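The points should be read with the structure in view.

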Amino acid sequence: MLLLILIFIRCYRFVPQPNPSASNHESRYRAGLDASYAGNPLFLRGEYQIREDDRSTADSQKMSGGYLLGGYELTGNLEAIARYEYIDRDTSLDDDHFTG
């Protein structure tokens, strides 16, 4: 039986140089979590990310999203796979609607 579990956590903040203390600077923050499970006959993989951009010309924008992928080996040649994805392009809005 093969069993493999991987978890990665990443996080960084970027502030441009040479003057990060100026009132009009931009900065970016990113954080995420990746996880994988590989067993037999089941495998799972997922990711979740958050980001925040502080821009000099506008307010900050916060986003989040991720996915979950799973599969199950039914026979040696047949596998069922499902995927779910989620994204919130601006978490500061109470009700996200797109208009055009």
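1. A salt bridge is a side-chain nitrogen of Lys or Arg within 4 Å of a carboxyl oxygen of Asp or Glu. By this rule the count comes to one. The side chains of Arg83 and Glu85 form the salt bridge, at 2.6 Å from N to O. Side chains of opposite charge can pair when their charged atoms come close.

2. The model is predicted: local features need pLDDT of at least 70 and side-chain atom pairs count only at pLDDT 80 or more, while totals for chains, interfaces and linings use all residues. Residues are numbered from 1 along each chain as its sequence is written, and side-chain values use heavy atoms, with hydrogens and water left out.

3. Relative accessible area under 20% means buried, over 50% exposed, and in between partly exposed (1.4 Å probe, protein chains only). Glu85 counts as exposed because its value is 55%, whereas Arg83, at 48%, is partly exposed.

4. Strands are DSSP runs of E with at least two residues, numbered from the N terminus; two of them pair if DSSP finds at least two bridges between them. Strand S4 (residues 61-73) pairs with strand S5 (residues 79-88) in the antiparallel sense, over ten bridges. A hairpin of five residues joins S4 to S5. Gly71 has Ile81 of S5 as its bridge partner.

5. Which strand gives the most to the nonpolar patch? S1 does, with three residues. Ile5 lies in strand S1, and it counts as exposed because its relative accessibility is 55%.

Note on methods. Helices (H or I, at least four residues) and strands (E, at least two) are DSSP runs, numbered from the N terminus.
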